[in-house]
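Please examine the structure shown here.

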Amino acid sequence: MTDFLNDWGLTLVTFIPLAGALVMLAVPAVEHRAIKQLALLTSLATAAVGALLLLDFDYGAAGDLQFVVDASWIDVINSRYIVGLDGISLPLMALTLVVVPLCVIYSWDHIPDPGNPKAFFILMLILETGMVGTFLAQDLILFFVFFEVVLLPMFFMIAVWGGENRRYASIKFFLFTLFGSALMLLSFLALFFLSTDPATGESLRSFDMRLLSDLAGAGILGSTQIWIFAGMFIGFGVKVPMFPFHTWLPDAHTEAPTVGSVILAAVLLKLGTYGFVRIAVPMLPEGAEAWAPWIGLLAVIGIIYGALGCLAQTDMKRLIAFSSVAHMGFVMLGIATLTDFGINAAIFGMIAHGIITGMLFFVAGSVKERYHTLEIRRLGGLLTQAPRLGWILGFVSMASLGLPGLAGFWGEFPAILAAYSPAEGLPVETFRTYMVVAAVGTVLAAGYLLWLLQRTAMGKPSEEFADSDEIVDVTRTEWISWAPLLAGIVLFGLLPGLIFDVTDPAVVGLLAAGSGG
């Protein structure tokens with residue numbers, strides 16, 4: 001089994017969803033049940049291969065790439081098919097493999113208008129291939145291809161199954177991401193042409209991420225690194241999204257169908273932060289050091305701005321979307337410290353945000369299905385009419401505001417703590433100021449989440465919905481699709497070492513390589 005996983009494991013876990021999507025093309029569109037079963041079977045098969053990889057993974061060597069495949073691909077530009085799994089990519093791959101089947105299960109009885117589950121599930125499976133491939137790629141061109149594969153499926157998911165302003169939101173999402181990706185590709189090309197062999201001084205002309213991380217910008221002047229890093233900063237920053245590149249996110253989340261919002265929040269936003277950790281910081285250490293104070297500044301602005309934006313919202317889904325801007329600010333603050341502690345905190349923050357905010361969007365979707373609105377002023381009394389749904393909303397809100405004992409706490413507190421002692425060479429007093437500002441952001445988070453909970457779950461039901469027969473409690477399908485995320489919030493909140501122990505060796509190794517250690 002080990003030999004099989006070494007040769008085929010990562011390729012299978014990446015391309016099984018795409019194969020399932022291709023098979024689904026042959027199924028008649030009217031065969032709704034067969035289409036749903038095929039989508040679920042494909043996503044579960046992918047998760048099963050992922051589970052085998054996790055069981056066979058050597059956690060004692062989590063800092064090393066495992067199950068590596070290095071094969072010829074596009075020889076004319078010296079780009080190879082290189083994939084590998086280490087402690088950084090493992091939890092993000094696992095998150096993806098859990099979220100997609102849960103979205104398929106939730107969609108069983110929640111296909112948005114217009115119907116057509118065939119196209120809907122095909123797009124979801126293509127998204128899974130793009131997301132998993134991004135986390136496993138070890139070649140810059142391969143990474144870029146997977147990074148861009150997710151763009152079109154999400155564009156169509158919003159544009160076809162979204163809300164009233166879906167066309168505006170989908171085009172805005174597409175243009176923002178495409179612009180950032182163009183600058184990111186230019187930075188990749190600059191690395192390709194400018195990276196040199198320290199021993200001979202010759203140009204390497206390689207897209208191999210392993211080699212470029214080990215070189216850590218060798219032969220590239222510090223001033224040049226700053227400009228190359230700027231391209232990656234915009235490209236990855238748009239995907240995060242960081243302030244001020246965030247404006248596409250509230251529109252996309254508000255208009256996207258429920259599972260589109262869940263996938264966007266749980267996984268897609270992590271592609272940008274993962275790019276910073278995997279590519280930008282280790283490959284361009286001098287550029288990262290120059291940009292770190294500015295990244296930290298934009299991160300804390302995003303934390304405060306996102307929180308204030310939440311307090312101004314009248315739509316439940318849009319409020320959750322603005323909370324993502326704030327939460328991803330904590331992730332970027334951890335990355336900006338350029339320390340192993342800060343980056344470990346950032347990776348945990350990615351996972352915590354994925355399961356918590358993904359769960360919040362699930363709840364919001366179910367609330368809209370029952371009330372046909374997400375206007376906060378029209379909601380109320382959820383604990384009376386659907387008590388289990390109300391308690392789940394309360395529980396996930398507590399996790400999102402960072403209550404100790406739940407996963408959200410470990411997504412924020414370590415990132416704030418890391419800002420107290422940034423990497424050598426960074427302005428200590430500046431980062432300690434960022435720490436204070438970020439701490440204020442946690443207070444604001446409690447404010448807007450408790451306000452949301454009070455307005456939607458507590459009190460008496462509004463007269464508009466007091467006698468509605470559609471306000472039912474959590475259904476079986478919802479329980480099945482939500483239970484793993486709810487369990488994860490508790491599990492990682494009580495046992496954060498399950499993630500930290502896996503990510504730390506890989507983060508330490510990546511930073512050591514980037515510093516020439």
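## Disulfides

A disulfide is a covalent bond between the sulfur atoms of two cysteines. C103 has a relative accessibility of 0% and counts as buried (buried is under 20% relative accessible area, exposed over 50%, partly exposed in between; 1.4 Å probe, protein chains only). C310 is likewise buried, with a relative accessible area of 0%.

## Basis and confidence

In this predicted model, local features need pLDDT of at least 70 and side-chain atom pairs count only at pLDDT 80 or more, while totals for chains, interfaces and linings use all residues. Residues are numbered from 1 along each chain as its sequence is written, and side-chain values use heavy atoms, with hydrogens and water left out.

The average pLDDT (the predictor's confidence in each residue, from 0 to 100) is 88 for the protein, and 97% of the residues score at least 70.

## Helix 11

Helix 11 comprises 26 residues, 258-283. Its first and last C-alpha atoms are 37 Å apart, close to the expected 38 Å (1.5 Å times one less than the number of residues). At L264 helix 11 bends by about 40°, the angle between axes fitted to the seven residues ending there and the seven starting there. Helix 11 is largely enclosed by the rest of the structure, because 26 of its 26 residues are buried.

## P250

P250 lies in helix 10 (residues 248-255) and is buried at 2% relative accessibility. Leaving aside residues up to four places away in sequence, P250 touches R318, A321 and F322 (contact means heavy atoms within 4.5 Å). P250 and R318 are 68 residues apart in sequence, with a C-alpha to C-alpha distance of 5.7 Å.

Technical notes
Helix = DSSP H or I, 4+ residues; strand = E, 2+ residues; numbered from the N terminus.
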